[in-house]
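This briefing walks through one protein model, topic by topic, for a reader who is new to structures. Please keep the sequence and the 3D view open while reading.

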Amino acid sequence: MSQINVLQIEEITLNQLHMHFENGELNSFDLVKYYLDRISRYDKQGPQINSVLEVNPGALFIARKLDHERQNGKIRGPLHGVPVIIKDNIDTADQMHTSAGSLALQNHYAQKDAFIVQKLREAGAVILGKANMTEWANFMAYNMPNGYSSRGGQVLNPYGPGVLDVSGSSSGSAAAVACNFATLAIGTETSGSILCPAGNNNIVGIKPTVGLVSRTGIIPISISQDTAGPMARTVKDAAILLEVIAGVDSQDAATHIAPEQSSYTDGLEQSSLNGKRFGVTYEFCIRDLNEKQRSVFDEVLQLIKTQGGEIIYLDQISPLEKDGSNYTVLLHEFKSGLNHYLKSVSPAIGISTLSDVIALNNEHKDNCLKYNQELLIESNETDGTLTSTEYLQSRMNDLEKTQNKGIDLVMNENQLDAIISPNDVWYGIPAKAGYPSISVPSGFDEAGLPLSVMFTGVAFSEKKLIQLAYAFEQASQKRITVVFK
């Protein structure tokens, strides 16, 4: 280790990290060694969190190269020398596999980096490894445990290993950041898969507007809902990471509608909740919470009021709160998207369609089908062309009830700055709308499970949401370091 004390690295922020880099107290090579040591001690031994599926064999060499560049006055970007873990459904053109946690793709090496991985490397990031995840991003079986994959096994929640739900599907990304196995992580979300594990692991997760971040080179579920997003221990670090990975990609049509990007951190320290209006469908949000979880959410509302914010209690934000939700759109889009992705997989792997995945799983039931594969089968029964009346009507219904008759309408009518909700409750509605949300730690329940509050806004309102989340974070300070005994 360089001159900096090991204890100072734990919970280190990007700003602190760069300060230590610049004054010579720390370098990237030693930082990577520190994280690899923690992974060996606590992810593979001790509590066996099992969050890291694969380590980049070139990480130390890359770190050395970046240190050399820094010494010669070259700084690539805001992540220069910073170790980042990415989810195992994101392509990397190196010696790491991309499998979405499946044994079907356990030998798959991507031919090129995903678009966001290119951006990470350009900004100077060290891709430290791949994170374990819920297999096929939790779109495989109805009773699949959060954080389980056939290839990687079960990710544990570091705040209660083997007892508390780690949530999914970006389970490994969330747990790794919570445990200080990396500075930052990338997760992906279709519906709750960044926000929920961020909440359950006491970290910050940002689910961006669909189209702000490229999906090229990411194993898909849904072209209408999928997005990658940052996971970090602080709002500011998550905002910096989002700024790096956002951008127009010629291969992803959704990114062409995003407005020109501005800095998400400019003026962040001056953010305030004072005078801001927050909408909440309180009865809907608390209906499945126990007494302690409800009291923590009530404390969130009270803190916002104390900080000068106004809570607007609403009967309904989206008709889907009463109508319920379904998987129709995802079932249709998964087959179409996955079959297209599998065209990039080497023929030597022997997997070129969803049908091939299902067949391989059936051939190796003991290893591949511990929790069945109903969702894969149901998706494979769709036409794969996205032309069915059921699909098209469901897709239009989702948009109408979450956007025009949902978030857009309610926020405009009530002049809201954001919608708030407890984590694990309301994420499905902005997911169907393709709208942004941020999960910020808000406390713990009686079992020690981390809780969080979610801030949601209209399309491409990330900058405002980040400011509100930052102001809440600074006023609440609910992030607590994981302590391994």
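The model is a predicted one, in which local features need pLDDT of at least 70 and side-chain atom pairs count only at pLDDT 80 or more, while totals for chains, interfaces and linings use all residues. Residues are numbered from 1 along each chain as its sequence is written, and side-chain values use heavy atoms, with hydrogens and water left out.

**The sheet**

- Strand β9 (residues 277–280) and β10 pair in the parallel sense over four bridges, where two strands count as paired if DSSP finds at least two bridges between them.
- Helices and strands are DSSP runs numbered from the N terminus, a helix being H or I with at least four residues and a strand being E with at least two.
- The sheet is open and has 11 strands, in the order β1-β3-β2-β6-β8-β7-β12-β13-β11-β9-β10, with mixed pairing.
- Because β1 (52–55) and β10 (310–313) stand at the edges, each with a single partner strand, one side of each is left without a neighbour in the sheet.
- From one strand to the next, the twist averages 30°.

**Strand β6 inside the sheet**

- β6 is mostly covered, since six of its six residues are buried, and buried here means under 20% relative accessible area, with exposed meaning over 50% and partly exposed in between (1.4 Å probe, protein chains only).
- In a regular strand the side chains alternate between the two faces of the sheet.
- Both faces of β6 are covered, with Leu-184, Ile-186 and Thr-188 buried on one side and Ala-185, Gly-187 and Glu-189 buried on the other.
- β2 and β6 pair in the parallel sense over three bridges, and Ala-185 in β6 is the bridge partner of Ile-85.
- β6 and β8 run antiparallel and are joined by five bridges, and Gly-229 in β8 is the bridge partner of Gly-187.

**Helices against the sheet and against each other**

- Helix α8 (residues 235–245) lies across β6 (184–189), β7 (204–207), β8 (227–232) and β12 (437–444), and runs at about 145° to β8.
- The axes of helix α10 (residues 291–306) and helix α18 (residues 462–476) come within 11 Å and cross at roughly 100°, where axes are lines fitted to C-alpha atoms, for helices over the stretch in contact, and angles run from 0 to 180 degrees between N-to-C directions.
- Val-300, Leu-303 and Ile-304 in α10 meet Phe-472, Ala-475 and Ser-476 in α18, with contact meaning heavy atoms within 4.5 Å.
- By class, the contact of α10 with α18 has five nonpolar, one polar and no charged residues; Ala, Val, Leu, Ile, Met, Phe, Trp, Tyr, Cys and Pro count as nonpolar, Asp, Glu, Lys and Arg as charged, and the others, Gly among them, as polar.

**Cysteines**

- A search of the whole structure finds zero disulfides, a disulfide being a pair of cysteine sulfur atoms within 2.5 Å.
- The sulfur of Cys-179 is 19 Å from the closest cysteine sulfur, which is in Cys-196, and this is too far for a bond.
- Cys-285 is in no disulfide either, and the nearest cysteine sulfur, that of Cys-196, is 13 Å away.
- Cys-179 counts as buried at 0% relative accessibility, and Cys-285 counts as buried at 2%.

**Residues in loops**

- Ile-317 has its place in the loop between β10 and α11 (320–323), and it counts as buried because its relative accessibility is 1%.
- Leaving aside its neighbours within four places in sequence, Ile-317 is in contact with Thr-281, Lys-405, Gly-406, Ile-407, Val-410, Ile-419 and Trp-426.
- The peptide bond from Gly-168 to Ser-169 is cis, with omega near 10°, and Ser-169 lies in the loop between β5 (153–154) and α6 (171–178).
- Ala-100, in the loop between β2 and α5 (115–122), has a phi near 55°, a positive value in a residue other than glycine, and is buried with a relative accessible area of 1%.
- Leu-386, in the loop between α15 (374–380) and α16 (389–413), has a phi near 60°, a positive value in a residue other than glycine, and counts as partly exposed at 21% relative accessibility.
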